[in-house]
2 protein chains.
Amino acid sequence: MKIEEAIKQKKFDSATQKAVVNLMYTASWMESMSAAALKPHGISIQQYNLLRILRGQFPNPASVGLLQERMLDRMSNASRLVEKLRLKKLVERRECPADRRQVDVLITPAGLELLEKAGQRIQSDAYAIGLNEKEAEQLSDLLDKMRMPK
Amino acid sequence: MKIEEAIKQKKFDSATQKAVVNLMYTASWMESMSAAALKPHGISIQQYNLLRILRGQFPNPASVGLLQERMLDRMSNASRLVEKLRLKKLVERRECPADRRQVDVLITPAGLELLEKAGQRIQSDAYAIGLNEKEAEQLSDLLDKMRMPK
DNA sequence: GTACATTAAATGTTTTAACGTATATTTGCA
DNA sequence: TGCAAATATACGTTAAAACATTTAATGTAC
């Protein structure tokens with residue numbers, strides 16, 4: 001469905017404005033899809049993304065600061081997220097020997113396993129989007145360009 | 001900055017996955033920009049969007065259900081948002097004469113004025129994105145397509 | 001070495017959102 | 001008419017976000 005129908009707005013001031021609205025709308029749509037796919041696994045999107053970052057580092061640990069830096073949505077409280085995951089035994093916390101202000105966060109085997117299962121589901125549900133690889137590449141390029149100052 | 005640099009992830013499983021991550025990242029970026037532009041006016045993005053819908057209807061009123069339907073992010077509680085705007089005297093609520101379950105919501109002159117001022121700012125700040133009109137149109141088309149089942 | 005600034009993370013507080021459910025009104029129909 | 005089902009909205013509760021502050025560790029200038 002085109003964005004005009006989706007939000008029942010016939011006209012936009014400009015293509016730019018339409019694209020911005022469409023971006024927000026599509027992101028929100030994508031988020032609902034992902035959240036639904038993750039729900040059976042008992043974690044939120046943010047927690048899922050955080051686990052993915054940790055898997056990217058594995059078997060090295062990540063500091064809370066690194067996590068914060070790489071999260072898709074800038075978050076004030078990565079430390080609280082880590083704590084939630086720790087309570088679920090999906091991550092482990094260790095005092096960093098090199099700098100005791102830091103905390104080493106490491107994904108556990110259980111965390112890797114959950115990521116594996118949830119990943120399959122998310123891929124089949126949420127990422128089953130209507131674009132082929134070439135179009136996906138185009139979209140990504142336009143988004144990159146969009147974030148550059150005019 | 002390309003998404004790979006932005007989140008310091010060198011490789012993605014597929015172009016599709018990269019596009020999805022890029023979408024979420026860009027939407028979050030856009031949201032920060034908009035929120036910052038709106039902050040001086042004391043309203044949130046959601047409130048801004050809701051006012052825009054009301055302006056679209058003006059001088060006709062809108063029901064809470066209509067607002068909910070058209071909001072960019074699916075929201076359970078449009079009624080609470082309306083109440084917040086009412087407290088700021090940016091909208092008015094009236095019992096709908098035709099159907100007393102409904103509430104007619106109408107933007108006030110103060111609301112229209114705020115929208116005018118905030119709109120200028122948001123346009124100069126947030127919508128100053130790195131795409132020309134043709135590219136914006138392409139982006140919008142890809143987003144529309146993305147939301148269609150494969 | 002002491003004083004001062006900086007950094008990493010955690011915590012407290014206030015606001016905002018999500019989710020389910022309740023209430024009131026209207027509608028369709030036996 | 002009377003009653004079940006549908007609809008529009010509100011609300012209570014719980015969870016999450018935003019923002020500011022605090023604590024502890026480290027680095028640096030003198």
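In the predicted model, L23(B) touches T26(A), A27(A), M30(A) and L143(A), leaving aside residues up to four places away in sequence. The contact between the chains takes 50 residues from chain B and 50 residues from chain A. On the side of chain B that touches chain A, the elements giving two or more residues are α2 (15-38) and α7 (133-146) of chain B. The largest share of this side, 17 residues, comes from α2(B). Its composition by class is 25 nonpolar, twelve polar and 13 charged residues.

Nonpolar side chains tend to be buried together in soluble globular proteins. The largest nonpolar core of the model has 56 residues, of which L23(A), M24(A), L139(A), L23(B), M24(B), L54(B) and L139(B) touch the most other members. The largest share of the core, ten residues, is that of α2(B). Another core, of 21 residues, lies apart from it and includes L81(A), V82(A), L85(A) and L90(A).

Within chain B, α3(B) and α6(B) pack with their axes 10 Å apart, at an angle of about 115 degrees. Their crossing is left-handed. Y48(B), L51(B), R52(B), L54(B) and R55(B) of α3(B) meet G111(B), L112(B), L115(B) and A118(B) of α6(B). By class, this contact has six nonpolar, one polar and two charged residues. L54(B), one of the α3(B) residues that meet α6(B), is also among the residues that touch the most other members of the largest nonpolar core.

Key:
Residues numbered from 1 in each chain as written. Chains lettered and ligands numbered in written order. Predicted model: local features only at pLDDT ≥ 70, side-chain atom pairs only at ≥ 80, totals over all residues. Contact = placed C-beta atoms within 7 Å. Helix = DSSP H or I, 4+ residues; strand = E, 2+ residues; numbered from the N terminus. Nonpolar A, V, L, I, M, F, W, Y, C, P; charged D, E, K, R; others polar. Core = buried A, V, L, I, M, F, W, Y, C linked by C-beta atoms within 7 Å. Buried ≥ 20, exposed ≤ 12 C-beta atoms within 10 Å, placed from the backbone. Axes fitted to C-alpha atoms, helices over the stretch in contact; angles between N-to-C directions. Left-handed = near helix turned anticlockwise from the far one by under 90°.
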